[in-house]
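Q: Hi! Could you walk me through this structure?
A: Happy to, let's have a look together.

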2 protein chains.
Amino acid sequence: MPMEYVIKCMRTLCPLSDETVRELLDCVTLCKFPRKHLLVKADAFCRYAYFIEKGFTRSYWIVDGEEITTSFMGEGGIIFSMDELYYNKKSEEYVETLEEVEAYRIALSDLQRLWRTNHELCYWGLVIHQNEYRRIHQSHKERLSLPAKERYEAFVSQFPNVMQRVNLALVASYLGVTQSTLSRLRGMHE
Amino acid sequence: MPMEYVIKCMRTLCPLSDETVRELLDCVTLCKFPRKHLLVKADAFCRYAYFIEKGFTRSYWIVDGEEITTSFMGEGGIIFSMDELYYNKKSEEYVETLEEVEAYRIALSDLQRLWRTNHELCYWGLVIHQNEYRRIHQSHKERLSLPAKERYEAFVSQFPNVMQRVNLALVASYLGVTQSTLSRLRGMHE
DNA sequence: CTTCGCTTTTGACATAGGACAAATTTAGAT
DNA sequence: ATCTAAATTTGTCCTATGTCAAAAGCGAAG
């Protein structure tokens with residue numbers, strides 16, 4: 001059955017009738033991408049969102065030539081350009097695969113249409129936005145109130161597997177410190 | 001007509017039929033609050049969301065005795081505790097009025113019910129979450145990539161009227177600097 | 001097993017912004 | 001106008017983190 005894992009994740013968030021799932025499946029194509037593939041490019045339209053069935057990605061900006069990682073996304077997650085989906089503008093962010101990725105692709109126009117016409121999917125969209133909003137709000141708080149070392153520790157306990165799967169520099173830019181500083185931080189205390 | 005301004009704002013975000021507006025109005029009560037009133041308290045349930053018709057509020061955390069302002073909200077905005085609305089947990093944040101506020105109050109349970117039963121309102125909920133998510137994501141980027149002075153300048157041009165309406169310390173904690181630093185920053189260059 | 005390239009660690013020094021306290025300005029009350 | 005409390009500015013010193021560059025470490029390809 002296609003989208004098994006993705007659908008399971010969606011159904012943990014809110015109820016979706018079989019009819020709704022069928023509607024969604026009608027709009028979806030399975031794709032495979034190699035490691036280091038750019039799913040979304042800055043300053044371009046991408047036209048699709050991706051439901052990750054397998055693999056791992058990161059989103060980042062380039063500011064003054066520096067990459068700033070803004071999020072990591074794994075199985076069950078959904079990838080898209082906010083600028084494009086919300087405002088029909090070119091993306092400001094990149095999204096790249098960190099491993100080989102299997103994902104279900106959906107046209108942004110279909111996703112928008114489904115949100116407008118199908119209440120269940122609209123509610124699911126609301127719920128993922130709520131969760132994401134809460135998450136980013138929390139990390140905002142941590143950035144304002146915790147010193148770098150504790151932010152690192154919070155990161156490790158929130159994403160225990162990520163440190164093994166990606167290299168230091170990416171996590172450093174996610175935490176808002178330099179790679180050297182992060183290296184020193186984790187050198188301390190064990 | 002009640003909720004004139006609020007409804008107008010909502011309708012700039014997405015279409016709402018008169019029937020839907022009536023449904024919403026049925027759940028809503030007008031309230032007035034004095035300056036410095038706590039609309040939402042941390043570590044407590046508040047049970048309501050507020051549509052601001054007139055006035056100005058701020059949300060904040062208290063971390064180690066320090067207040068950290070996380071957002072300002074004015075006319076047309078909606079106030080609620082994420083923890084409570086999303087997860088039925090006690091609020092972690094405070095929300096206080098910075099001026100006299102007129103707001104329409106709705107029970108969180110009614111808001112949740114409306115989102116579940118009324119597609120138009122659910123879609124409106126999705127849109128406000130999209131916008132808020134985009135905004136916080138952007139400010140996250142600024143915090144990671146801009147030095148304090150430029151973040152201050154970005155703040156001033158984004159909320160030109162806020163600096164006049166609130167005192168320095170609140171903006172400082174919003175920007176993640178101390179009051180003295182912010183004072184020095186704006187002293188520079190004019 | 002050696003080599004080449006990538007990643008991480010370490011070192012020396014520089015600096016933005018923090019902490020704390022005092023001085024000054026501003027704005028309500030009387 | 002005057003007094004008082006609150007808000008802002010300023011001074012001094014301090015620390016966490018940045019910058020830049022060099023040195024290790026490590027893993028895949030020959």
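Q: Let's start with the surface near DNA strand C: how do its residues divide by class?
A: Five are nonpolar, eight polar and two charged. Here Ala, Val, Leu, Ile, Met, Phe, Trp, Tyr, Cys and Pro count as nonpolar, Asp, Glu, Lys and Arg as charged, and the others, Gly among them, as polar. This is a predicted model, where local features need pLDDT of at least 70 and side-chain atom pairs count only at pLDDT 80 or more, while totals for chains, interfaces and linings use all residues. Residues are numbered from 1 along each chain as its sequence is written, and chains are lettered from A and ligands numbered from 1 in the order in which they are written.

Q: Changing topic, how many helices and strands does chain A have?
A: Chain A has nine helices and eight strands.

Q: What box do its C-alpha atoms fill?
A: Those of chain A take up roughly 55 × 30 × 30 Å along the principal axes.

Q: How much of chain A is buried?
A: 30% of its 190 residues. Buried means 20 or more other C-beta atoms within 10 Å of a residue's own, with C-beta atoms placed from the backbone.

Notes. Helices (H or I, at least four residues) and strands (E, at least two) are DSSP runs, numbered from the N terminus. A residue is buried if 20 or more other C-beta atoms lie within 10 Å of its own, exposed if 12 or fewer, and partly exposed in between; C-beta atoms are placed from the backbone.
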